[in-house]
Protein chains: 2
Amino acid sequence: MENTGNLSQRALTNLAVTCPMRTAFLGALSSLYHATDNPAGAINLGMAQNDLICNEMLEKISSSTPLREVDLSYGDPHGSKRLRGRLAGFFNTYFNPHTPVLDNHILVTPGAGAAVYQLATVIADVDEYIMVPSPYYGTFDLDIRLNTGIRIFTVGIFHTETLSVDFVLLHRAMEKATSQGLRVKAILINNPHNPLGHREDIKLFIYFASRYNIHIIFDEVYALSTFSPFLREETNQGDHTSVRDKLAESPFCSALAVDNVPQLIDPKLVHVVYSLSKDFGLNGLRVGFIIDQYNDYLKQALILTSSFSYISTVTDRLVYNLFSDTVWIDKLIHTNLQRLAASYIRTTSFLSSHNIKFFPAQSGHFLFLDLRDDLRKRCGDIPTFSDEADLLNDLLHNGVYIAPGEGFHTVEPGFFRMTFSVEWNTLKRGLQILYHTLRSEPATHANKV
Amino acid sequence: MENTGNLSQRALTNLAVTCPMRTAFLGALSSLYHATDNPAGAINLGMAQNDLICNEMLEKISSSTPLREVDLSYGDPHGSKRLRGRLAGFFNTYFNPHTPVLDNHILVTPGAGAAVYQLATVIADVDEYIMVPSPYYGTFDLDIRLNTGIRIFTVGIFHTETLSVDFVLLHRAMEKATSQGLRVKAILINNPHNPLGHREDIKLFIYFASRYNIHIIFDEVYALSTFSPFLREETNQGDHTSVRDKLAESPFCSALAVDNVPQLIDPKLVHVVYSLSKDFGLNGLRVGFIIDQYNDYLKQALILTSSFSYISTVTDRLVYNLFSDTVWIDKLIHTNLQRLAASYIRTTSFLSSHNIKFFPAQSGHFLFLDLRDDLRKRCGDIPTFSDEADLLNDLLHNGVYIAPGEGFHTVEPGFFRMTFSVEWNTLKRGLQILYHTLRSEPATHANKV
């Protein structure tokens, strides 16, 4: 024990938890562009950072006076009632909830990842399972497993050709797990999907959870990045439709908007996660939310431990101020959707005209690329995840990082997630490097990352 | 399970964890003064909030531009290298460390409570023990036990008459625990002490931890509130001694300042906790620190889970800006110590002249009152903790809240912690209510809190 620092078994177990998404990113980190440390580094198109509304956000933040005297003393660990009330108004405006959201339905967390972690802790115990259909956002590996001893039960349920969910496969996997005595306590769904960027058939998932009496968590961090209604009018000049009307055309449907949830499932089992990181480009602020409209006992348990992730009054006050200007918020959402649509159009035009395959998306800040053919051309008929990693190394070496499918637990190698919520000149350069790398011979690196 | 929201055993266990300090505070909460909700409520002298430097802090914060473009994207979950480097300089200036503190010795947490919680998770497992000599800061009950299943092993080791630590008793308790097969993994010490407000004999505690090869955590959140060198010159007019020279006279000694720790104990077992909540009156900002100079493996484990308590870039940037003005910080510490000393002198003068017994303090924002005689006068020879609670109810009813000894796990009833880091007019009113309550007959309340 001496050489390990005399740590708890919990800590040693944590250190052994694997997360291919994190491994890939950490492996690439030293090669990535950094303003001071690595100005010649690779363009990062592998992380979901929304740069498109950066200027507007920074300007507004500067003019939002952040602190009052009362903020020097203790605030509420799970967000002030004031902030939660303001956000309740926001959800009621943009998420079309069946039952209005109230301040006491909301808990503030340091990001969506922490929200998933906190929900996992109150839902499942050591050696119990949370089901996560793949491909899925790979950091869930850490959010679910660290500190908790909970296991992930994953099933590849997406037809890679049609992109539709195979619910027959999902039910079959669940029946098998149950018959083997596995205790599955919840299912976790990204809605809209990450990395696929499309809406989910949430009623079928709710039915599924109800059928097995398990919790269902909807991670909706890309809810207001559903840009598909904006695709027909890239510049949007002279369009007088309000954002809310546009969103009504949207294929996105929040779990909050489902009619009569209590008739479909015990509503205490349904939880929604949101954050400001993606739709508002505020990864740095660490503001996430758990929205739960029915399970008071669960919220009581979460409030008890929220002091370990206590929100700063500075952040609380700043976000309250930002969301108090509802006209500005509305305009920002509109601007963001227009820019996402514009960037999506440019990106997909480039990809199509250069014969790079991708899955069309409706939402999110990324595209899931299907580079399986390219991988086969490079490596022969049956490429491995090691071949996928080699391609990533070539891309990095040439100057661009995209996130490998292995990080999303794809069932076969050759998929990559590419972020397009990036300023066009940088993005174009990244796309060109991608294209040239795919069309050239594999490199032989002396030192592979 | 239905009616409990289908929660994990972990959550149900958490909900059953007791914390007398929290219970007392929540019981009093609805009676306490609140600017809008309860303007006629009781004065709160039961919580350690430092109001004495509130104006200076608020003014400085307003002039510290909080955010830059880079802050919109992901920061570091355990604090930016920039912030940790700045704080390393602060610790090197004011804590007199034997080995200079470096940025990678520091992890930022959302407060000292979260720091203790995080250390507990990597040190002990379910059903293992952390030793906390009593009386102790009662919220440790939650910081150590929630989510972890760790137990608290407490021993009343302070002679109530002499206030010195009885190490013979401490060793005896440890030997007994060990012989009974209890797995004690650490000892947790407040230095300076809370609620007693004096320095600890830290070398003896380090020797103790070494003797049993257990971790030792020093919670030093009142480090720079050691006001005793300022007691001789209340107004401090014309005093040109620097704060650092004054601090050199101070009875406080940080665990960081102990010579040659590696010769006393495996230094991987020694951890220091600090925060900005007390010495800088910033309870609301939730900025705490773990300082560990030798245990890299432990820090690696903590960094892994720090994303669940991810610091906001807004707070990170603000604190960096505040601590970059080292002249201002120095002056603020000086001002704070002068004001604490002045408030201590006024408070103790009042207490002495009104025959209210207290333990003299050197540090902190509070005094531990010995109201055992008063309790005996009210209730007869052998008062109980229920009598202590009755006295608290009378105090609350008359308009002042002080924190009952039961919350600090005192071995006998009749002690209370009273905060004096409060503006004098409010404090004086609270003291007068305290005096009149002690000198009058116990009330008979229809509804006790």
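User: How many residues of chain A are in contact with residues of chain B?

Analyst: In this predicted model, 60 residues of chain A are in contact with 60 residues of chain B. Helices H1 (9-16), H3 (54-62), H5 (112-123), H11 (296-305) and H12 (313-324) of chain A each supply at least two residues of the side that touches chain B. Divided by class, that side of chain A holds 29 nonpolar, 25 polar and six charged residues.

User: Through which surface do the copies meet?

Analyst: Because 100% of the interface residues of chain A are interface residues in chain B as well, the copies meet through the same surface.

User: How do the axes of helix H15 and helix H16 of chain B cross?

Analyst: Two packed helices are described by the angle between their axes and the distance between the axes. In chain B, the axes of H15 (residues 385-398) and H16 (residues 424-439) come within 10 Å and cross at roughly 130°, and the two helices are therefore oblique to each other. The crossing in which H15(B) passes H16(B) is right-handed.

User: Which residues of H15(B) and H16(B) meet?

Analyst: From H15(B), B:Asp394, B:Leu395 and B:Asn398 meet B:Ile433, B:Leu434, B:His436 and B:Thr437 of H16(B); the residues of this contact divide into three nonpolar, three polar and one charged.

Definitions and conventions. Residues numbered from 1 in each chain as written. Chains lettered and ligands numbered in written order. Predicted model: local features only at pLDDT ≥ 70, side-chain atom pairs only at ≥ 80, totals over all residues. Contact = placed C-beta atoms within 7 Å. Helix = DSSP H or I, 4+ residues; strand = E, 2+ residues; numbered from the N terminus. Nonpolar A, V, L, I, M, F, W, Y, C, P; charged D, E, K, R; others polar. Axes fitted to C-alpha atoms, helices over the stretch in contact; angles between N-to-C directions. Parallel < 35°, antiparallel > 145°, perpendicular 65-115°, else oblique. Left-handed = near helix turned anticlockwise from the far one by under 90°.
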